[in-house]
2 protein chains.
Amino acid sequence: MDMRDIAKMAGVSSATVSRVINGSCAVRPETAERVQRVIDEFKFIPNGSATTLKYGRSGTYGLIIPDITNPFFPEFIQSFEGILADANRNMLMATTASHAPSMQRTIYRMLVSQVEGIVLLASEIETEPIEAMMNNRVPLVTMDRRLVGKGLSDVSVDSNSGMRQAVEHLQGLKHRRIGYIGGSVGPTISDHRRNSFVRAMQGYGLAVVEELMRAGNYRISGGEAAMAQLLDLRDRPTAIIAANDLTAIGALRVIHRQGLSVPGDISIVGFDDIELSDIVFPPLTTLHLAQHELAKKFVGALEAFAPDPHGMGKQYKVETTLLVRSSTGPARRRERATKPLRAVS
Amino acid sequence: MDMRDIAKMAGVSSATVSRVINGSCAVRPETAERVQRVIDEFKFIPNGSATTLKYGRSGTYGLIIPDITNPFFPEFIQSFEGILADANRNMLMATTASHAPSMQRTIYRMLVSQVEGIVLLASEIETEPIEAMMNNRVPLVTMDRRLVGKGLSDVSVDSNSGMRQAVEHLQGLKHRRIGYIGGSVGPTISDHRRNSFVRAMQGYGLAVVEELMRAGNYRISGGEAAMAQLLDLRDRPTAIIAANDLTAIGALRVIHRQGLSVPGDISIVGFDDIELSDIVFPPLTTLHLAQHELAKKFVGALEAFAPDPHGMGKQYKVETTLLVRSSTGPARRRERATKPLRAVS
DNA sequence: ACAGATAGCGTTAGCGCTAACGTGAACCGA
DNA sequence: TCGGTTCACGTTAGCGCTAACGCTATCTGT
């Protein structure tokens with residue numbers, strides 16, 4: 001069943017069928033209606049690969065996610081795919097281990113599928129092998145790499161504003177020893193969130209203590225490990241800002257396990273505002289990142305390349321704002337090793 | 001840059017280039033190597049839409065998810081996509097609101113894209129409009145609908161075995177009043193999990209009390225609402241089995257908010273074993289569902305249709321097993337309205 | 001009344017790939 | 001030596017679609 005079959009039954013040529021399907025105005029309404037009736041009757045669906053081959057556009061974008069298990073990503077995907085669907089576009093999705101070979105095969109498959117652009121949400125992994133693979137064939141939009149070029153755009157999360165609000169909030173609650181638990185160490189592309197934290201602290205005249213800054217892994221386990229170390233310190237921090245909510249939740253768990261309370265003994269600020277952050281106890285004060293805005297920027301960045309896939313990319317940005325819930329409160333008076341008020345298993 | 005260009009540079013015909021790329025053995029090794037060198041040099045990537053058009057197969061499957069925000073689905077997607085990627089296949093994913101028009105547009109886009117099959121993970125929504133849309137064009141594999149037909153397979157979660165283990169476990173802990181919080185009511189395809197629960201209770205000679213069985217919505221909010229009602233009862237249940245982990249977590253939250261303890265006052269059993277179930281406090285006793293096995297069954301079901309897309313489908317099944325963590329414990333002696341031991345905000 | 005514009009539709013070529021077939025050369029056994 | 005195989009490749013014909021162009025009938029202005 002192809003357009004010629006439909007054409008024959010409607011008594012027109014296949015070109016006219018094509019015109020009707022694509023809404024060309026160069027068809028008389030009555031002819032269009034006649035053709036449409038045949039299309040409906042036989043539930044005809046055109047063959048997209050033929051269109052892609054002929055027209056050179058697939059209407060499909062690729063999305064590469066490092067770890068879909070991190071709740072941040074599903075929330076993003078939801079918005080991203082929704083926006084694409086509204087524009088009648090498809091999403092080819094792949095989660096990929098962070099090692100290069102599987103990554104390259106993923107990109108290869110996407111390029112074979114004639115994607116018109118790829119979004120790479122992989123701040124944790126090296127991207128050189130990927131760019132080599134892509135070879136400037138289709139536009140690439142990355143997250144938080146702050147690197148643009150031909151056919152290369154970036155959407156970054158501006159943590160400065162949010163981080164300032166967080167530090168101001170904590171300072172207002174009389175916190176002075178504020179710790180930080182960051183993301184992964186290693187081949188990561190310089191930790192912007194960490195820098196924002198440092199700048200915000202300095203901006204408010206607070207001491208930036210190396211001892212109070214630890215690396216995590218953007219997951220609960222990393223938050224737990226880092227927080228355990230911080231609690232072992234003679235002079236503990238009274239507040240913690242974490243690089244993302246999962247890290248904050250990990251910290252929360254360790255604090256509870258040691259019989260301390262949040263925010264009674266230690267205040268915690270997360271980052272991202274994933275749904276989970278409102279579900280844990282206590283609900284996290286966090287830096288809200290508007291997922292839908294973020295997704296819109298990515299789609300916008302992709303579509304900006306439509307006229308010229310090899311044109312110069314742009315740097316996009318989304319803001320973060322502090323969302324105060326219940327995991328932050330006044331600093332304890334004596335900033336010494338804290339004793340639990342009551343034991344909780 | 002197409003195969004003819006490569007062919008010219010390698011001094012062969014385009015057919016030979018095709019043969020080399022597809023690993024045909026009808027090419028002399030030295031010729032193949034020469035061609036491969038040119039391919040590598042120019043980083044040639046074949047045009048998949050041409051192959052799809054010619055060959056009639058796209059190597060792409062569609063996956064439709066109702067609510068990717070439910071952690072069950074990301075974990076599934078991870079496995080599903082991984083298995084497809086290993087088989088060098090693509091995944092076209094869409095999350096879709098449960099109303100028919102957006103659903104139909106999603107399916108339409110997938111059919112245009114020449115997917116070779118669609119997995120529909122939408123136990124909550126009506127599927128008649130979808131099947132009408134699909135019109136038996138490509139195989140459909142559903143989850144937990146227990147309906148098979150031409151080009152239609154189903155993968156169901158066998159909750160019987162797990163439910164029996166759960167009830168036995170609770171009975172062993174001296175629980176007699178066991179409640180159940182189910183999934184959504186309405187157009188859902190008969191609640192197999194609920195039936196399994198009822199059968200298991202009867203099998204162990206326990207009373208099935210209608211009053212103790214409530215509907216939820218597969219999310220935290222539903223678990224909360226249902227549990228709140230159950231706690232209002234004069235004669236509360238001493239244990240709850242939930243239709244999924246999110247529901248169980250919702251129940252957990254309400255119990256904690258009312259100053260009761262788990263499992264001290266009430267035991268809770270979840271279903272699915274999502275990662276979160278090991279992270280909440282206390283870690284959930286739950287019916288473990290092997291996500292990777294589940295994903296494998298779906299891929300297997302799809303590929304079983306490869307020889308004949310219109311052939312008869314099959315019913316697949318995955319087992320569940322009880323995983324005991326910390327949310328279940330001995331029943332309280334007096335099965336009367338319980339008083340909180342201590343107040344917690 | 002007539003050249004030119006326009007609307008509405010048909011014809012055609014070709015997007016890049018590969019199955020099927022065709023061909024020439026090397027090889028084989030009798 | 002020679003008909004038949006086999007191997008290793010080239011040639012060709014589309015897969016279904018649509019942009020570009022071509023054609024005809026009607027309409028417009030003078």
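Predicted model: local features only at pLDDT ≥ 70, side-chain atom pairs only at ≥ 80, totals over all residues.
DNA strand D is surrounded by 24 residues, the closest of which are A:D2, A:S18, A:A50, B:S13 and B:A15. The largest share, five residues, is supplied by α4(A). In terms of residue class, the surface near DNA strand D consists of twelve nonpolar, eight polar and four charged residues.

Most peptide bonds are trans, and most residues other than glycine have a negative phi. Against this background, two cis peptide bonds may be noted in chain A: one joins A:V262 and A:P263, with omega about 5 degrees, and another runs from A:F281 to A:P282, with omega near -10 degrees. A:P263 is located in the loop between α11 (245–257) and β9 (267–272) of chain A, whereas A:P282 lies in the loop between β9 and β10 (285–289) of that chain.

Positive phi values occur at two residues other than glycine, with phi near 70 degrees for A:Y218 and near 75 degrees for B:K174. A:Y218 is placed in the loop between β7 (213–214) and α10 (220–232) of chain A, and this residue counts as buried because it has 26 C-beta neighbours inside 10 Å. B:K174, found in the loop between α8 (159–172) and β6 (178–181) of chain B, has 13 C-beta neighbours inside 10 Å and therefore counts as partly exposed.

Technical notes. Residues numbered from 1 in each chain as written. Chains lettered and ligands numbered in written order. Near = placed C-beta within 6 Å. Helix = DSSP H or I, 4+ residues; strand = E, 2+ residues; numbered from the N terminus. Nonpolar A, V, L, I, M, F, W, Y, C, P; charged D, E, K, R; others polar. Buried ≥ 20, exposed ≤ 12 C-beta atoms within 10 Å, placed from the backbone.
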